[in-house]
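Student: Hi! I'm new to this one, could you walk me through it?
Tutor: Happy to, let's have a look together.

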Amino acid sequence: MSRETSPRSVFDSLPDELLVSIISLLPFKDAVRTSILAKRWISIWRHTKNIELNQNFFIKEGVSVYDLLLRQGPRGIAPFPDFAANFLNKYKGGDITSFNLVLADIAVFLGVIMKAYVQFAISRQTKHLTVNLTQPIWMLQRLPFRPMPIMCMPDRFYRHCDQYESLTLSGIKVIFYPYTNFAVLRSVSLAWIRLGDDDITQLVAESPCLQDLRLANCWGFDIEIQSDSLKTLVVDKCTLDQVAVSVLAPNLKLFVYSGLFGDLNFNCNVPNLEEVYIDYDMEEDFEHYWTIMYNQYWQFRNVRVLQVCSFVLQVISQAQCETRYLFL
């Protein structure tokens, strides 16, 4: 770069297509801020391929939507829906790479427009879809807590199963059975969702590329899956019908489980498993489990990292002396 060439003149010489590619690498909030750089940049950010509509961007830390409604009425939270509607109506790009919708505090009338936001993302062939409607108050409830879904995924979601590479869904109603052909899906994270008996089995069976599956605070199902591609499985504080996890995944490398004591069955086929983290933090009674627990942990005898919780130590302390040596 010559002394006469400034960074600004370099950017001015770039075509809009390249500027859009650069903008799309920025976090959405920073992409919006580029609109003040120069006249040419006023609308460049509206072509970004990574969209994040996050209600938290419009709320001061420590202030909830309900506080704003009480103080100012609907006008108090108007900036977020107004911005989102304006942006989506004037969006100038084509297909998008990722769409992230986060609403931490739901006002009643916001529910009407959330589905429209999601339909916009699907119509733009988004590859990475996040719909996070987790409410802060849910975290304060005694488990198991089963909130009503805030939104149902639109029918269009199921007609485009083959376009998603990652799904992060929380606080909504979604079903996976009997839908098929999640051909390129690699990562799934589900939270605060009631799942059907066959939803997870179907989802994994129809996702030949799935490598990462994370379930948190879900309920109404059991886990019985078979996958050659799965490498990470996390089950966090889920309420399983039979408290059973059955996995046939020879390439699994990481397994994390927290919740009630249950049947963890890996079908003696986890040759590549490296790390296991188990926490029965929801369990209160620790008697009569020692024989089952020994058989359970024997599956993990060759892993590199095995982390257990105080519940396991209590079970060991209650076990017969001869059995205790099998654990130590």
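**Strands and a helix**

Tutor: Strand β11 (residues 239-248) pairs with β13 in the parallel sense, over three bridges. Keep in mind that this is a predicted model.

Student: Thanks! Which residue stands opposite Ala-244 in β13?
Tutor: That's Asp-263.

Student: And what order do the strands take in that open sheet?
Tutor: The order is β9-β11-β13, three strands with parallel pairing. β9 (219-226) and β13 (263-265) are the edge strands, each pairing on one side only. On average, neighbouring strands of this sheet are turned by 10° against each other, direction ignored.

Student: Switching topic: how many bridges join β10 to β12?
Tutor: Five, between β10 (residues 232-236) and β12 (residues 254-258), and the two strands run parallel. Val-234 stands opposite Val-256 of β12 there.

Student: What about β12 and β14, how many bridges join those?
Tutor: Five bridges again link β12 to β14 (residues 275-279), and these strands run parallel. Ser-258 has Asp-279 in β14 as its bridge partner.

Student: Okay, now helices. Which residues of α5 are buried?
Tutor: In helix α5 (residues 79-89), the buried ones are Phe-80, Pro-81, Ala-84, Phe-87 and Leu-88.

Student: Why do the buried residues of α5 line one face of the helix?
Tutor: Look down the axis of α5: its buried residues fall within an arc of 135°, so they line one face.

Terms used
Residues are numbered from 1 along each chain as its sequence is written. This is a predicted model: local features need pLDDT of at least 70, side-chain atom pairs count only at pLDDT 80 or more; totals for chains, interfaces and linings use all residues. Side-chain values use heavy atoms; hydrogens and water are left out. Buried means under 20% relative accessible area, exposed over 50%, partly exposed in between (1.4 Å probe, protein chains only). Helices (H or I, at least four residues) and strands (E, at least two) are DSSP runs, numbered from the N terminus. The arc is that of the directions from the helix axis to the C-beta atoms. Two strands pair if DSSP finds at least two bridges between them. Axes are lines fitted to C-alpha atoms, for helices over the stretch in contact, and angles run from 0 to 180 degrees between N-to-C directions.
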